[in-house]
Amino acid sequence: MENHKNVTEFIFMGLWENRQIELLFFLLFLLCYLAVLMGNSVILVTITCSHLIEQPMYYFLCHLSLMDLCYTSTVIPRLIRDLAATRKNISYNECMTQLFTAHLLAGVEIFILVSMALDRYVAIVKPLHYMVIMRRKRCDMLIVTAWIVGFWHSIALLLMVLSLPFCGPNHINHYFCDVKPLLKLVCKDVHVVSVLAMANSGMVLVAIFTVLLASYILILYSLRTRSSAGLLKALSTCSSHIMVVVLFFGPCIYTYALPAGSENKDKEISVFYTVLAPMLNPLIYTLRNSEMKSAMHKVWSWLSNSELK
């Protein structure tokens with residue numbers, strides 16, 4: 001604890017310095033958060049209360065929605081509070097907790113997306129072996145692995161930041177506690193630490209994104225011999241997942257793979273993966289998915305009839 005003895009709290013500079021703009025976006029982000037809660041809760045209830053939970057694709061989608069709910073709840077409520085507050089402060093311990101929790105949940109979500117890509121690859125490229133390869137026990141192991149990898153990623157970042165001395169300015173040029181804005185407040189040379197942080201987050205993101213793109217190229221290549229109906233069905237499910245992957249990985253790679261610099265728009269770009277992606281994921285996965293829409297209709301009709309009784 002000696003390392004941060006001169007800093008007991010941090011103050012967020014937020015997204016905007018204009019008070020009127022902040023009050024406007026207070027309402028906007030509040031509506032976005034309500035949309036995240038409602039959309040992902042609908043997916044959770046629909047899948048867990050229907051036969052879809054037995055299918056690996058929807059089993060992973062259920063976990064993805066849970067991660068979206070948890071991840072946004074570590075960031076957006078405080079952002080909403082700070083937009084309405086005159087002083088945007090957070091204690092040192094709360095800041096470290098938010099850093100660890102946000103990276104843990106984001107890490108788990110990334111590997112759930114990898115599991116979903118694996119599921120689509122096996123379903124399309126090896127359909128005859130699908131039920132054997134993607135059996136429930138293996139799906140459970142993939143989720144457990146996602147949590148283990150996410151934990152080691154976040155604990156490594158946390159221990160690295162805890163070892164750094166914060167003895168000077170305490171104004172974070174961001175709206176939540178993250179590695180890059182915190183490194184700018186450290187009162188010693190952080191070149192090596194910056195490289196380690198980029199390797200832990202940025203390079204890993206680039207590697208995973210490359211693997212995901214390669215898997216979808218292989219999927220598209222295998223579809224060249226399919227019938228028109230089979231091709232359209234496969235493209236429909238894959239396109240939804242590709243949109244979610246690009247929406248999440250694109251901004252994350254920009255934020256974590258590039259070195260820290262005053263010209264970077266990290267805090268503005270981070271809105272995409274902290275707010276917009278979790279809000280749009282339910283729409284992307286349901287609007288073009290007749291199976292999900294059918295299950296939603298049945299589940300919510302059953303729930304409404306149960307309430308009437």
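A residue is called buried under 20% relative accessible area and exposed over 50%, with partly exposed in between. Cys187 has 35% relative accessibility, so it counts as partly exposed. Keep in mind that you're looking at a predicted model.

**Stop 1: the disulfides**

A disulfide joins the two, with 1.8 Å from S to S. The link ties together distant parts of the chain: Cys167 is in the loop between α5 (136-162) and β3, while Cys187 is in the loop between α6 and α7 (191-222), 20 residues apart. Cys167 has 37% relative accessibility, so this residue is partly exposed as well. Look along the S-S bond of Cys167 and Cys187: the angle about it is 125 degrees, and the link is right-handed.

How many disulfides are there by the count? There are two disulfides. For the other one, select Cys95 and Cys177, whose sulfur atoms are 1.9 Å apart. Here the torsion about the S-S bond is about -120 degrees, so this disulfide is left-handed. This pair also links distant parts of the chain, with Cys95 in helix α3 and Cys177 in the loop between β3 (171-172) and α6 (179-183), 82 residues apart. Cys95 and Cys177 are both buried. If you number the bonded cysteines along the chain, the pattern reads 1-3, 2-4.

Now click on Cys62, which is in no disulfide. The nearest cysteine sulfur belongs to Cys49, and it is 9.6 Å away. Is Cys62 buried or exposed? Its relative accessible area is 8%, so Cys62 is buried. Cys252 is in no disulfide either: the nearest cysteine sulfur, on Cys70, is 17 Å away. Cys252 is buried too, because its relative accessible area is 4%.

**Stop 2: the sheet**

Switch to a cartoon view and find the strands. Three of them make an open sheet in the order β2-β1-β3, with mixed pairing. At the edges are β2 (89-91) and β3, each of which pairs on one side only. Strands of a sheet pair through backbone hydrogen bonds, in either a parallel or an antiparallel way. Zoom in on β1 (residues 9-12) and β3: this pair is parallel, over two bridges. Select Ile11 and you'll find His171 of β3 standing opposite. Next, bring up α3, which packs on the sheet and touches β1, β2 and β3. The direction of α3 makes about 85 degrees with that of β2.

**Stop 3: Glu109 in α3**

Follow α3 (residues 92-125) along to Glu109. Glu109 is buried yet has no salt bridge. Where is the nearest side chain of opposite charge? That side chain belongs to Arg120, 17 Å away. Show the surroundings of Glu109 and you'll see contacts with Leu64, Met67, Asp68, Phe248 and Asn281, leaving out residues up to four places away in sequence.

**Stop 4: salt bridges**

Side chains of opposite charge can pair when their charged atoms come close. The count for this model is six salt bridges. Select Lys88 and Glu22, whose side chains meet in one of them at 3.3 Å from N to O. This pair links distant parts of the chain: Lys88 in the loop between α2 (56-84) and β2, and Glu22 in helix α1 (residues 19-48), 66 residues apart. Lys88 has 10% relative accessibility, so it counts as buried. Glu22 is buried as well, because its relative accessibility is 3%.

Then try Asp266 and Lys180, where the closest N and O atoms are 3.0 Å apart.

For another pair, pick Arg81 and Asp82, with their closest N and O atoms 2.8 Å apart. Arg81 is partly exposed, because its relative accessibility is 39%. Asp82 has a relative accessible area of 3%, so Asp82 is buried.

**Stop 5: Met198**

Finish in helix α7, where you'll find Met198. With a relative accessible area of 22%, Met198 is partly exposed. Setting aside neighbours within four places in sequence, the contacts of Met198 include Tyr256, Ala257 and Leu258.

Definitions and conventions. Residues are numbered from 1 along each chain as its sequence is written. This is a predicted model: local features need pLDDT of at least 70, side-chain atom pairs count only at pLDDT 80 or more; totals for chains, interfaces and linings use all residues. Side-chain values use heavy atoms; hydrogens and water are left out. Helices (H or I, at least four residues) and strands (E, at least two) are DSSP runs, numbered from the N terminus. Buried means under 20% relative accessible area, exposed over 50%, partly exposed in between (1.4 Å probe, protein chains only). Lys and Arg count as positive and Asp and Glu as negative; His and the chain ends are not counted. A salt bridge is a side-chain nitrogen of Lys or Arg within 4 Å of a carboxyl oxygen of Asp or Glu. Contact means heavy atoms within 4.5 Å. A disulfide is a pair of cysteine sulfur atoms within 2.5 Å. Two strands pair if DSSP finds at least two bridges between them. Axes are lines fitted to C-alpha atoms, for helices over the stretch in contact, and angles run from 0 to 180 degrees between N-to-C directions.
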